[in-house]
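Here are my notes for someone opening this entry without having seen it before. Keep the viewer open and take the points in order.

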Amino acid sequence: MLIRERLETTKFSNSEKTIVDFILEQKEKIKPMTTKEIANATFTSPSTLIRIAKKMRFEGWSELKEAFLKEEEYLSSHFCDIDANLPFTAEDPCYTIASKLLTLKKEALDDTFQLINHVDLHYAIRILDRASLISVFGVSNNGLIVQEFKYNMRRIGKLVEVVNLQGELLYNAHTMPASACALIVSYSGETPIYHKILAVLKENGIPSIALTNIGDSTVSKQADIVLRLSSREKLYSKIGTFCTDASIEYLLDVLFAGVFALHYDEYLREKIERSSQIEQGRFSTTEPLKESRFFDDFD
């Protein structure tokens, strides 16, 4: 959940609510303000700001303020005019719907790229490359999206299992070998079972990579490496998960490509040679689709 949403839904006292309303109204304008200045502007006390931060599970006001401003900067600079939750109307013709979804997905991909921390990405790729087994945890729709990642990684000899049955998630975490790693896909970052899974992984020394929203979620706090998803959509008040799906698919493709690049010539040769043997019967008369034996150049 975004910090903005947590501020709107957390139960505060009257004096705390006065400050929260001020923060949500002023947004980036609070950046140069001290705790005393905010307190004076809201006829409250500086200690009230500290209490708000504690209720929001931050160490202090400065930490909450920094996280809130960072989130607001993202929200104001990355959102387009199209509503990610209701990107089209009943009156829109099909071509308009197609155009709006194209724009929305382009924006989601740009969001995701801008959110990439290159150090975290580097370490995530190294973790995946070294792991003897990659356990991908994704429930509901996410359990379907990650299947393509499993397919791609298996084609280069990486053992991947997708764990998406609620009753098996925690069991799998307990039985993973020490040489494995976990990849958790959670848009909300607050799915209760993931908190238990991450605690087990940490206790057993198994590295974890999380794909989650930009907010200060429990998953983002517990995972070893966090890669941020485009965070445009509400949890359920929406037509579909257009942005989220595009963001997840893009990050998974980046992770696969990163591992592939570490052993580029080896993986490329093996993938093409295996595919040419397995799919011998496939052909096309369309010129761009026709195959050639270009991998002979690697001999």
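1. Let's begin with a group of rings. F256, F260, Y264 and Y267 come together as one aromatic cluster. Before you zoom in, bear in mind that this is a predicted model, and that goes for every point below.

2. How many aromatic pairs does the structure hold? The count is three. Take F256 and F260: their ring centres are 5.8 Å apart and their planes meet at 65°, so this pair is edge-to-face. The angle is what settles the label, because planes over 60 degrees apart count as edge-to-face.

3. Now look at where those two phenylalanines sit. They are four residues apart in helix 13, which covers residues 242-262, so about one helical turn separates F256 from F260. Both F256 and F260 are buried. F260 also pairs with Y264, again edge-to-face, with 5.6 Å from centre to centre and 80° between the planes.

4. Y264 comes out at 47%, which means it counts as partly exposed.

5. From E249 to L262 you move 13 residues along the sequence, and the C-alpha atoms of the two are 20 Å apart in space.

6. A search of the whole structure turns up zero disulfides. Two cysteines to click on are C181 and C243. C181 has 0% relative accessibility and so counts as buried; C243, at 1%, counts as buried too.

7. The C-alpha trace spans about 75 × 55 × 35 Å along its principal axes. There are 299 residues in the protein chain, and 45% of them count as buried.

8. A word on how the chain contacts itself. If you take the contacts between residues at least 6 apart in sequence, 70% of them join residues at least 24 apart. Leaving out residues up to four places away in sequence, L115 touches Y74, I214, R228, L229 and S230. As for T218, it is 103 residues from L115 along the chain, and their C-alpha atoms are separated by 19 Å.

9. You'll find it in helix 4, residues 46-55. With a relative accessibility of 2%, T48 counts as buried. Setting aside neighbours within four places in sequence, T48 is in contact with S15, E16 and I19.

10. Last, some backbone angles to look at. Most residues other than glycine have a negative phi. Which way does phi go at K27? It is positive, near 50°, and K27 is not a glycine. K27 lies in the loop between helix 2 (14-26) and helix 3 (35-42). Its relative accessibility is 32%, so K27 counts as partly exposed.

11. R57 belongs on the list of backbone angles too. Its phi is positive, about 65°, although R57 is not a glycine. Look for R57 in the loop between helix 4 and helix 5 (61-78). R57 has a relative accessible area of 46%, which means it is partly exposed.

Conventions: Residues are numbered from 1 along each chain as its sequence is written. This is a predicted model: local features need pLDDT of at least 70, side-chain atom pairs count only at pLDDT 80 or more; totals for chains, interfaces and linings use all residues. Side-chain values use heavy atoms; hydrogens and water are left out. Rings of Phe, Tyr and Trp (its six-membered ring) pair if their centres lie within 6.5 Å; planes under 30 degrees apart count as stacked, over 60 as edge-to-face and the rest as tilted. Buried means under 20% relative accessible area, exposed over 50%, partly exposed in between (1.4 Å probe, protein chains only). A disulfide is a pair of cysteine sulfur atoms within 2.5 Å. Contact means heavy atoms within 4.5 Å.
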